[in-house]
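Student: Could we go through this structure together, one question at a time?

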Amino acid sequence: MNNNDIIPWFILLNPLITAVLILFVFRKNHGTAATVSTMSAFFGLVGSLCAFTLAPTHTFVRWIDMPGLQIPIGVQLDHLSQLMLLVVTGIGFLVHLYSTVYMEHDESKSRFFGHLSLFMFSMLGIVLADNFAMMFIFWELVGVSSYLLIGHWFTRDAAGKAANKAFMMNRIGDFGFMLGILMLWSTAGTVTFKGLEAATGTLTTNPMFLTAAILLVFCGAMGKSAQFPLHTWLPDAMEGPTPVSALIHAATMVAAGVFMLARIAFLIGLSPAAALIIAWIGAITSILAALMATQQDDIKRILAYSTLSQLGYMVMAIGLAPDPNGGPAMFHLFTHAFFKALLFLGAGAVIHALHHEQNIWKMGGLSKHMRVTSITFLIGTLALTGCPGLAGFFSKDAILLAAWSNKPLFFIAWSTAFLTAFYMTRLYIVAFTGKERSEAAHHGHDCPAPMTIPLVILAILAVCAGWKTESYFMSHHAEHASHIPMLLAICAFMFGTFAAMTLYKGKDKEPLSLPLFRNKFYLDEIYGAIVAGTQDVLAYIAAKIDSLISGIVRLAGMAAWGVGFLFRLLQFGNVQGYSFVFGLGVVWLIWFVVFK
Amino acid sequence: MNPILFYLFSILMLGFGIAVVANRSPVASAMSLVVSFFCLAALYVGLDAYFLASIQVVVYAGAVMVLFLFIIMLLDLKAEQRRKFNKLAIGGGALVALAFAAQLLGVLGGHPRGDKPFPELKLPIGESLNDLQHVGETLFSLHTLPFQIIGVLILVATIGVIVISKRELK
Amino acid sequence: MTLTLNHYLLVSGLLFSIGFAGVLLRRNIIIIFMCLELMLNAANLSLVAFSRFNVGADGLPNFNAQVLTFFIITVAAAEVAVGLAIIVALYRARQTTHVEDITTLKF
Amino acid sequence: MQQIIPAITLEIAVLILGLLMLFAEAFSKTADRSHMARYAIAVLLALIGFSFFTTPPPANPAPGSMWDFYAVDATAMFFKRIALATTAIVLVMALEYRSVLSKFIPGTEEGRGTGEFYSLPVFICAGLMFMASAVDFILIFVALELVTIGFYVLVAYMRKHAQSLEAGVKYLILGALSTGFLVYGITWIFGLSGHTHLDKVRATLVAGFAAGGPLVGNEHALLFGIMLVLIALGFKIAAAPFQLWVPDVYQGAPTPVTAFLSVGSKAAGFIVLVRVLEVFLAVPAVRGKVIAVLVLLAILTLLYGNLTAMPQDNLKRLFAYSSIAHAGYLLIACAALSADPFGAKEAISFYLAGYLVMTLLSFLVLITVARQSRGDDIRHFAGLGKRNPFLAFAMTVAIASLAGIPLTAGFLGKFLVFKSAVAAGQYALIAVGILGVGAGFYYYIKVIAAMYWDEPTDKTEITVGPLTRLFVGGLVALVFVLGIWPAPILNQLSERPISAVAHK
Amino acid sequence: MTVLNFIVLLPILNAIAIACGAPARKSALLSAWTQLALTIVAMVGYRGGFAYGSTWAVAPEWGLNLTFGVDGLALVMLLLTAIVTVAAVWVTPKIEKRENLFYACVLLISGGAAGAFASVDMFFFYAFHELALIPTFLLIGIWGQGERQVAAWKITIYLAVGSMILLVGLAKLYLAFPEGARTFDMIEMTKARHLIPAAEQGGIYIWLLVGFGVLISLFPFHSWAAPAYAAAPTPAAMLHAGVLKKFGLYGLIRIAVPMLPEGAKVWMNLLLVLLVANILYIGLVTIAQKKLDWMLGYSSVMHMGYIFLGIAAGNAIGITGASLLMLGHGLSIAALFAMCGYLRQTSPSLAFTSLGGIAKKAPFLGYAFGMAAFASIGLPGFANFASEAMVFFGAFKAGPAATLDFSSIQIATVCGLWGVVISAVYMLRAYRQIFQGEPQANVATFKDPACSVKWSVILLLAALMVGGLWPKSMLNFIQPSVEALIGK
């Protein structure tokens with residue numbers, strides 16, 4: 001193992017050690033915990049920067065190793081993971097920095113940072129994983145850290161419920177993921193990505209099988225990246241502290257599904273049917289989420305639906321253009337990470353400043369009080385809505401271009417872009433402009449430096465992350481076949497922004513009322529009914545059957561007792577009766593033996 | 001044996017046997033039993049078992065019956081004569097006994113070997129069967145051990161009778 | 001008409017059944033006891049009949065059976081002695097020889 | 001060491017012991033007879049040791065000699081030892097029980113009238129030992145009657161105790177009834193075969209019922225005879241439906257007698273049963289029927305014994321029902337006797353040895369506790385774990401063994417029984433047996449629950465005399481030794497017959 | 001005397017000593033720790049094959065010997081026994097009545113389990129297991145809670161009947177060998193397995209399956225488990241659910257799998273149906289539970305399904321995974337029961353509705369319970385995940401590859417995977433209701449447990465994590481043994 005091989009291991013294990021240190025050593029020492037955690041995140045960032053310059057490497061240790069089943073724990077540093085490392089550690093570091101202030105007065109700050117480091121470890125594990133099993137392991141671990149962080153304020157009932165919901169939805173996705181892994185493994189005989197790549201010949205012998213396997217693996221991504229119909233956990237996950245939302249539920253973890261799909265792009269490419277289904281699911285998610293976002297009032301929820309929508313975009317992109325280097329999907333993931341993190345942190349700053357007020361209709365006029373926040377937030381909004389020249393424009397353009405070949409999908413993608421511009425502009429206008437609509441909004445103020453610095457840095461990245469970076473993601477450089485998609489995208493941006501501006505400028509309350517969108521297509525209610533109607537009813541029935549079974553057992557015991565009791569009545573004490581029974585026995589046995 | 005004598009004694013024996021069961025008075029039952037055993041002894045004679053016939057008379061009709069009568073008198077059991085019949089018990093018991101008898105008939109029907117007459121004995125001309133000698137020889141040569149055990153048995157029975165019927169211990 | 005073995009067996013069997021019936025029907029212990037004696041004697045009759053029937057190579061009855069009969073008579077006498085002693089003791093304790101009165105031990 | 005002592009010496013010694021005890025009873029000046037019992041225990045135990053040095057009577061008995069009817073094979077010797085050991089322990093119980101006993105025997109002095117209570121078991125022991133060796137119907141009958149009459153006396157021994165007398169009467173009537181059937185059955189078998197010696201009976205029957213044999217056509221008669229004998233023996237071993245006497249007699253009898261009945265009488269019954277079954281099962285014409293009836297009896301017995309014990313509250317009665325159940329397990333092995341002759345016989349012998357140890361142990365504890373708690377219901381055992389942990393532990397061991405928990409003698413016996421049933425393919429029996437074990441756990445553990453779960457109603461400590469303590473300890477050890485290291489016993493059983501007589 | 005003899009005899013002798021009046025808790029703890037130390041010594045010194053053999057002729061003519069000896073698999077089970085014993089003794093709170101009897105019973109259970117795992121002889125393998133029967137009865141009956149008496153009867157009779165069925169199966173197996181080749185030595189039996197006629201194997205296998213199945217709480221023979229665990233005192237529940245229950249599975253792996261491959265095929269579909277019922281149906285029943293102890297009891301039943309799945313797979317991967325899962329499940333359920341016991345001690349009721357917000361009052365407990373709960377639902381990092389994954393891999397591989405026409409075992413695997421979701425449902429729901437939310441009034445005075453409870457839970461969790469982070473540490477022991485067993 002040479003020095004270059006150590007760096008990825010360092011990146012992976014550094015947060016783990018930090019987490020263990022914090023959780024077991026600095027439990028009571030909140031200040032130290034925050035410092036240690038942030039420092040470690042910084043080291044991670046430095047390490048990732050170093051790793052970015054390295055040649056691809058791949059080292060592993062044997063975790064389970066027996067004939068027929070080898071599961072290594074390996075780190076694979078390549079084109080895809082190098083960039084993803086940067087995204088994760090970069091945003092991770094900024095969020096850590098931001099959190100030192102945001103969580104300053106939290107009574108279990110060290111727990112928060114411990115879990116945050118644990119999350120970093122898990123996420124980096126996904127990024128670096130060289131095989132499916134290891135990815136699954138870290139997949140589950142990010143699930144747990146996400147569970148822990150969403151439930152950070154576990155004394156609130158909603159937080160606990162949201163955490164549970166997130167974990168459960170992911171588990172459902174992981175059910176398919178694991179099954180997909182099993183199917184691929186049983187055919188290819190290996191779980192490593194390289195091994196699978198080598199075994200494509202075997203895998204393609206049964207296209208149906210391959211399609212099914214890929215779609216099952218995609219289930220994992222559906223859970224983690226909150227694709228329809230497993231998306232409902234993500235908005236609820238906003239119960240967690242806002243830095244968590246920024247890091248996990250906007251920039252990195254939810255993107256893990258997309259990253260994983262990019263990892264297996266070579267497989268998706270083998271199955272057009274699977275690719276198309278993936279693309280459609282992404283498209284549906286993006287449009288539904290965008291529609292829902294238009295009617296939300298909670299600043300974090302709007303951003304959450306926006307995240308959903310953008311994740312749908314990326315998934316659609318994977319389906320449309322599976323590219324081992326990531327393709328437009330990873331490009332969008334990359335840019336989206338910055339501006340969405342920016343938006344969340346900005347929202348966090350607002351919330352922090354307004355003493356946990358999250359309703360945009362109770363804000364207003366914040367641009368006057370929170371200059372840095374409002375400017376960076378505006379930049380983020382523009383980047384997200386696809387304002388030409390900003391990062392989001394380029395990546396979104398790449399996706400639209402990829403969708404151009406499939407007109408229905410293109411239409412959906414375009415509508416989504418339009419809606420994105422609409423609801424983001426709505427958010428900005430309602431929250432930051434106009435009059436202050438609450439007492440808290442009057443006292444808004446910019447936050448301390450550790451919170452604003454990340455905003456500024458992210459804003460800069462949100463502006464320039466799209467410049468000249470596209471080629472990094474494209475394994476073969478596609479000529480811009482047509483400029484029409486780009487023009488249409490600009491149109492979408494402009495229409496959306498304009499519509500929102502005209503509709504919301506100067507309004508004090510929601511002028512539109514679309515209950516369907518506001519209530520998220522009633523999906524939560526439907527799921528609730530399904531869960532209550534199936535799982536709980538089934539559980540109830542099962543419990544009844546079980547009491548029946550133990551009742552039968554008990555009954556058997558009682559029956560034995562009862563028969564014994566009846567038999568005992570033969571023993572009525574009269575010797576004449578005894579000889580009568582004796583005689584009956586004699587006659588019966590003789591009949592049985594002699595005459596039968 | 002003369003078949004007529006056989007039938008006579010058999011019928012008498014069975015008749016008095018039934019009388020044992022049917023009589024309400026214990027004394028009458030005991031007397032019927034004596035008669036029945038006498039007839040049985042007669043049947044033994046018909047089977048050339050003279051020794052056993054005499055034993056039967058001596059032991060049963062003599063000793064055992066006296067014992068029975070003695071006890072019946074001692075306990076003065078007449079008082080108990082009048083009691084309600086338990087019809088169910090009687091019906092059931094009779095049914096079982098009848099069934100057993102029927103089965104016995106069935107068994108005898110499946111016993112072709114027994115349909116043959118008794119074989120003639122090979123006796124020296126002019127001598128009658130000295131069964132006492134033969135029984136004695138068998139008893140004291142072949143079955144000495146059981147015989148001695150019988151001795152112990154009687155000892156045990158004697159002790160038992162004493163132990164159980166003693167009134168007070170001094 | 002000659003007498004066969006089965007004649008004797010029938011008679012003894014009937015006697016046995018009568019004794020058995022007596023055991024089942026009567027409720028006075030002493031009479032039950034008499035009926036038991038009847039049963040034993042019925043068995044004896046069969047045994048003697050078989051003894052006379054199973055003539056050995058020497059042309060004589062099988063005396064083993066007669067010896068057994070002898071033992072049975074002896075044993076029966078001893079049994080009667082013990083049994084009557086017990087009955088007397090019971091009568092002293094309970095003033096009864098009736099089976100329906102001695103049912104304290106049950107179930 | 002050269003073995004020059006004939007085996008019958010053992011019986012003779014036992015009889016002499018009994019006579020000496022009678023003399024002692026007659027001439028002893030003191031009222032207390034307990035020394036008699038102590039000497040007798042010592043002698044009986046010595047005889048067990050002595051039994052290992054015996055040799056059979058004349059090596060080649062002349063045909064027609066009395067030794068012809070007296071087999072001294074491994075099984076016989078084994079059962080003789082069982083009889084000796086049982087009697088010794090019963091005498092220990094009798095000593096423990098003497099205070100209760102003398103309450104029901106009117107006497108001017110404490111301890112009067114107990115002498116016969118010690119000597120009668122010795123005579124019965126001789127009878128049991130004769131039964132172990134008996135291979136002739138005459139000897140079987142006589143020895144059986146010696147035992148039975150002895151038991152009549154012992155059961156009714158407490159002549160001021162109405163229950164004891166009631167038990168005596170019940171045992172007497174039903175016992176005599178079964179004797180009638182036994183005699184009648186022997187009659188029929190003799191009638192068909194012309195012999196009373198088991199080997200000769202077998203030879204005659206096998207030849208007679210072979211194709212073209214002189215007895216063909218008389219199967220009904222043979223089956224009738226066999227059935228009558230089986231009914232009588234079924235009565236002795238307490239097989240359903242001839243088991244009704246068992247609970248009442250066990251409950252009414254003096255407790256040492258109950259123990260003696262449930263062990264000695266049962267063991268003797270089984271050895272005779274095995275010996276006659278070997279004859280009956282040898283006849284192909286009736287083998288199937290005999291096995292069928294054994295299966296039937298076993299099923300009935302298992303069900304009756306086990307299920308009926310479940311609602312019991314009186315411990316003596318509970319042990320009575322459980323002894324019926326144990327007869328059922330033994331009958332399983334009997335039903336496997338023809339398919340797995342060696343295994344089944346081994347199983348029966350071993351089971352009985354284990355049964356002896358665990359039953360006597362439980363009765364020993366029962367007597368000790370019942371005497372001081374003034375009652376033998378399960379509730380009188382409540383809190384025994386506190387009142388006397390040693391006795392509670394001993395009872396637990398006995399119960400564990402009776403229920404068939406491994407590493408105890410009872411388990412190994414059950415294992416052997418089930419093994420031979422498997423070898424014989426008797427799955428119906430196995431199923432019922434398993435059911436029985438389940439029910440058995442219920443009622444046995446009831447006792448443990450009472451001893452450990454419940455609080456004692458009577459807080460006085462229970463004292464144990466030194467002799468009883470010694471025997472309880474020894475039996476506890478024996479339960480484990482037999483359960484863990486059965487080799488010594490198995491060696492005895494698998495030993496080639498000392499005598500060639502029985503298998504001539 | 002080998003170290004193995006000490007491992008087996010130590011707890012038994014100690015139980016006797018305690019029953020005779022030795023200071024109960026101290027000597028029990030000492031014995032448990034020594035047992036653990038000796039087990040680790042044995043593991044360190046292990047060099048493959050069957051080691052630490054010792055034999056004592058019991059009935060040579062049947063081939064019945066008291067033979068001890070361990071392979072890697074048995075060593076791992078012994079390790080499980082030792083760890084859980086230490087934890088069980090350690091967490092035990094002050095026993096108010098009859099302390100000596102209590103510890104004697106606990107040690108007897110442990111000794112019985114250790115003896116069974118260390119036995120090479122089939123007879124004693126069986127016999128040692130039963131040693132625990134009466135101690136369990138006493139423990140539940142005297143020191144239990146709730147419907148303790150009913151539960152004690154139920155478990156005892158149920159297990160006794162199961163053992164009897166098993167005994168018949170073992171007898172059948174013994175007799176299936178031709179005369180002359182009959183022996184109780186499981187090593188010899190495994191070597192001579194080809195002598196068992198293929199046609200008879202099915203008949204033997206079903207007896208073993210039902211017999212062991214009752215002991216393992218295979219559906220539908222599971223109804224003893226939950227009430228018994230709910231009623232049992234903490235150490236008894238830990239030892240029984242954690243260790244003793246593994247006896248049946250160990251027996252299947254040791255006896256049924258290697259010796260009766262044909263029999264396994266005959267009953268494969270039945271087994272699959274039952275184990276899927278164990279996972280899905282019992283999983284649903286678990287969801288419906290309203291009290292923590294019952295829920296844990298049912299969850300332990302449910303997880304048996306996974307181990308069965310590994311055994312049903314029949315290949316080295318599945319069986320190795322099942323073996324490791326035995327360790328993982330044993331440790332995690334023991335930890336859960338340990339904490340459940342602490343909760344029971346301090347809270348009036350274990351109903352979910354009456355608890356809440358405990359994590360705030362007792363952060364350690366919240367953490368540790370969370371870890372144990374996550375371990376039990378198969379979170380990576382704990383042994384359960386590694387093993388469950390291996391089970392799934394092994395089971396899935398037992399069917400055909402590259403086709404969507406799943407064979408029955410593959411369908412069972414899919415169902416098993418869904419079970420993972422179900423287990424998450426009930427565990428997380430329980431965790432949320434007990435530990436999260438605002439502290440309720442009746443847990444206002446709740447505190448973290450004392451050191452003994454803390455450290456025993458830490459011990460269990462640490463062992464779980466060692467097995468999860470570095471499964472090879474255990475697989476190095478298990479895998480060669482399993483391969484030797486199934487004849488690779």
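Predicted model: local features only at pLDDT ≥ 70, side-chain atom pairs only at ≥ 80, totals over all residues.

Tutor: Residues are numbered from 1 along each chain as its sequence is written, chains are lettered from A and ligands numbered from 1 in the order in which they are written, and side-chain values use heavy atoms, with hydrogens and water left out.

Student: How many helices does chain B have?

Tutor: Helices (H or I, at least four residues) and strands (E, at least two) are DSSP runs, numbered from the N terminus. Read from that end, the elements of chain B run α-α-α-α-α-α. Chain B has 0 strands, and its number of helices is 6.

Student: What is the radius of gyration of chain B?

Tutor: The radius is taken over C-alpha atoms, and the globule rule is 2.2 Å times the number of residues to the power 0.38. For 170 residues that rule gives 15 Å, and chain B is well over this, so it is more spread out than a compact globule. Its C-alpha trace spans about 60 × 50 × 25 Å along the principal axes. The radius of gyration of chain B is 21 Å.

Student: What distance separates the centres of domain 1 and domain 2 of chain B?

Tutor: The bounds come from an automatic or database domain assignment, which gives domain 1 as 1–79 and domain 2 as 130–170. Taken over C-alpha atoms, the separation of the two centres is 23 Å.

Student: What area is buried between chain B and chain C?

Tutor: Contact means heavy atoms within 4.5 Å, and here it takes 89 residues from chain B and 76 residues from chain C. Buried area is the accessible area (1.4 Å probe) that two parts lose on being put together, summed over both. Carbon and sulfur atoms give 75% of the area between these chains, which is about 7,300 Å².

Student: Which residues make the salt bridge between chain B and chain C?

Tutor: A salt bridge is a side-chain nitrogen of Lys or Arg within 4 Å of a carboxyl oxygen of Asp or Glu. Across the interface of chain B and chain C the rule finds 1 salt bridge. The N to O distance is 2.6 Å, and the side chains that meet are those of D48(B) and R52(C).

Student: Which helix of chain B supplies the largest share of the side that touches chain C?

Tutor: Helices 1 to 6 of chain B each supply at least two residues of that side. The largest share is 13 residues, and it comes from helix 3.

Student: What area do chain A and chain C bury between them?

Tutor: Here 12 residues of chain A are in contact with 13 residues of chain C, and the count of salt bridges between these chains is 0. Of the area they bury, 64% is on carbon and sulfur atoms, and the value is about 980 Å².

Student: Which residues of chain A lose the most area to chain C?

Tutor: Together they give 42% of what the side of chain A buries, and they are G573(A), N574(A) and Q576(A).
The side of chain A that touches chain C draws 6 residues, its largest share, from helix 27.
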